[in-house]
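Student: I would like to understand the words used for aromatic rings and charges here. Could you take me through them?

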Amino acid sequence: MAPIPAAGDPKWPTKNGHQERPYVIGWGKIKDPSATRHGQEIGVASAYDGHNVDVGRIVADSTWHHWFDINLTGIAASPSPYAGFDATAAGQAALKKIDAYFLNCGVWLAPPDKQAAMRNFGWWSILWTDRIVELPIDAPIWFIGEQAIDALGRRASRCTRESWIFDFPIFKEKIPHWEWPMLFERFQLISLPFEHFVAGGILRQLMQEVGSQNAKNRFPEKAPKDEILERAMRVGIDEGLSALSKQLQSETSLISKLVEKKFRLPAGTCG
């Protein structure tokens, strides 16, 4: 497991008073019946997101041999000792999970410029699909975001999809990642739909700037330059957060009136 950072240690830097810490991201149980701690749950993988403090990321696995030899090929009596995972349907299913884990580690460890390139490709890959082209530009921003989330989710894992929506400097400046737990723990009954509004703002702006909603655009032969995409995304994030603020203000006012009226709708809100 990764060591716990000590305050003031330059190897584990701080940014704006925040010190990023490693977290256990995978758990497993000791299966060996002869082991002293048989059945005990232990951490098997941890991660450190150094990008939040302008350094690299780390993944720490509980043992190096997970990445070598029979742990990758598997063991089978026939047709050869090297058939392993490929020899059975169950083995092939296990190998797919290993493949996914390795791929996720590689994607997550990529440096910021590679992360940005993958994010830009992800958004561009959905922009001219039939589903998005047919999406009305004047649809509610949360609905546009819902379509974006689903479309991105067909191309990437949930965590990668979320990073494609939230991992922008402009968003981190407005709501730093480390403030999220403090923000959400204060709302026990309300779920703040950041993802839908931010994704909706990004997609709507891309549709207008480099997508089919711009009358000057034709079906593209290649993607626009990254700086063009990123500029549109930054504007979209701002618009999404602004729309969310207005929606929350409107609904907060209605909730206050609803409580005052003992949960009877105020006059003029029906029909």
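Student: How many aromatic pairs does the structure hold?

Tutor: There are 9 aromatic pairs. Rings of Phe, Tyr and Trp (its six-membered ring) pair if their centres lie within 6.5 Å; planes under 30 degrees apart count as stacked, over 60 as edge-to-face and the rest as tilted. This is a predicted model, where local features need pLDDT of at least 70 and side-chain atom pairs count only at pLDDT 80 or more, while totals for chains, interfaces and linings use all residues. Residues are numbered from 1 along each chain as its sequence is written, and side-chain values use heavy atoms, with hydrogens and water left out.

Student: Why is the pair of Trp67 and Phe102 called stacked?

Tutor: Their ring centres are 4.0 Å apart and the planes lie at 15°, so the pair is stacked.

Student: What makes Trp67 count as partly exposed?

Tutor: Its relative accessibility is 30%, so Trp67 counts as partly exposed (buried means under 20% relative accessible area, exposed over 50%, partly exposed in between, with a 1.4 Å probe and protein chains only). Phe102, at 25%, also counts as partly exposed.

Student: And why is the pair of Tyr101 and Phe102 called tilted?

Tutor: The planes of these rings are at 55° and their centres 6.1 Å apart, so the pair is tilted. Ring pairs link Trp67, Tyr101 and Phe102 into a cluster.

Student: Which ring does the charged end of Arg57 sit over?

Tutor: That of Trp108, 4.5 Å from its centre. A charge sits over a ring if NZ of Lys or CZ of Arg is within 6 Å of the ring centre and within 35 degrees of the ring normal.
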